Amino acid sequence: MELICEENVSPQKVDTDEIIWHYTTANVLNEFLKEGSILYGTHHRFLNDGKEISYGRELFSSSIRELPEVSKYADLLLNEINPQYMDSYLFCFSYKNDDLYQWRSYTTGGGFAIGFKQNSIFQLVREFKKKYEPQVPPGGRIPKYLEDIRMDFQDCEYSISQSRERIKGCVSILYMPTFCDPELHIPTELIDKSNMESLIRLRDQIVWFCKHPSFACEKETRIACFGHPLRQKIEYIGGKPRVPLFPVPRDGIVEITVSPHGNVSQNQLLAELLRDRYKLNYKITCSHSSFVG
């Protein structure tokens, strides 16, 4: 229906030589490097920035006020709270390595930036989509939020104006309003309810790429996974609810950067020991960032 699909919205172009970075702790690094390790998405309400989804929703409502066919729903969407449609699970990367802001934010006490080939992640996302997402018409059925799982992998947008254009573009392409024959005399409130549900599902599957301009320094790209069936896969890991997405592409790990804080020499040795233990072939570098606090 209104879900974002590859056939409708072009996926981002992927440079096979691009490296994307995940900032994390020693414990997570060890789990990533194990054979059979799984990459998990974290529920959006347990991210470091607990307000970022609400920011995206506010931006969504303000954006659709400029679209006459849906403008009347803008305020209703802003005030709507429907837990059925509020789940999204995210895994985040950055295009920036050795970034002081992210060392401070995500590697408390010392840690690592794991460098993945972007293409290795992209291929796993494509395989996930092929396995779990239904075909879209023609030739397939309309995706159903409560039955299907879907995934996207796109760059975050930090410009308010560009985020608004991106939202309006998605709505214009993917929103399928409910129309009824006037002679059927179906109550307007029922039509509005159906349209609201469609917009809610669309909104909660695209706002994850909208981030406040103050976070632009992170230069983030994300995997986002949606769908009510994911609630049956929830695991409580590291104090947060997470869902398994797909195997960690261990062969896609090409470099590990050691943070500038904590016990740098021990962390460097740990990266070397884990590389030998799990028979991997990544480069180890140390941060050149200054660090205070």
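The model is predicted.

**Exercise 1.** Determine the surroundings of Leu77.

*Solution.* Leaving aside neighbours within four places in sequence, Leu77 is in contact with Phe60, Ser61, Ile64, Met196, Leu199, Ile200 and Arg203. Leu77 itself belongs to helix α3, residues 74-79. Its relative accessible area is 1%. Buried means under 20%, so Leu77 is buried. The C-alpha atoms of Leu77 and Arg57 are separated by 8.1 Å, although these residues stand 20 residues apart along the chain.

**Exercise 2.** Describe how helix α2 and helix α6 cross.

*Solution.* Two packed helices are described by the angle and the distance between their axes. The axes of α2 (residues 52-64) and α6 (residues 160-174) come within 9 Å and cross at roughly 70 degrees. Angles of 65 to 115 degrees count as roughly perpendicular, so α2 is roughly perpendicular to α6. The crossing is right-handed. Residues of α2 that meet α6 include Tyr55, Leu59 and Phe60, and among their counterparts in α6 are Ile160, Ile167 and Val171. By class, this contact has 7 nonpolar, 3 polar and 2 charged residues.

**Exercise 3.** Which parts of the chain does the salt bridge between Asp192 and Lys72 tie together?

*Solution.* The closest N and O atoms of Asp192 and Lys72 are 3.1 Å apart. Asp192 lies in helix α7 (residues 188-203) and Lys72 in the loop between α2 and α3, so the pair joins parts 120 residues apart in sequence. Lys72 counts as exposed, at 51% relative accessibility. By contrast, Arg203 and Asp204, which form a salt bridge at 2.7 Å, are both buried.

Key:
Residues are numbered from 1 along each chain as its sequence is written. This is a predicted model: local features need pLDDT of at least 70, side-chain atom pairs count only at pLDDT 80 or more; totals for chains, interfaces and linings use all residues. Side-chain values use heavy atoms; hydrogens and water are left out. Axes are lines fitted to C-alpha atoms, for helices over the stretch in contact, and angles run from 0 to 180 degrees between N-to-C directions. Helices (H or I, at least four residues) and strands (E, at least two) are DSSP runs, numbered from the N terminus. Angles under 35 degrees count as roughly parallel, over 145 as roughly antiparallel, 65 to 115 as roughly perpendicular and the rest as oblique. A crossing is left-handed if the near helix is turned anticlockwise from the far one by less than a right angle, and right-handed if clockwise. Contact means heavy atoms within 4.5 Å. Ala, Val, Leu, Ile, Met, Phe, Trp, Tyr, Cys and Pro count as nonpolar, Asp, Glu, Lys and Arg as charged, and the others, Gly among them, as polar. Buried means under 20% relative accessible area, exposed over 50%, partly exposed in between (1.4 Å probe, protein chains only). A salt bridge is a side-chain nitrogen of Lys or Arg within 4 Å of a carboxyl oxygen of Asp or Glu.
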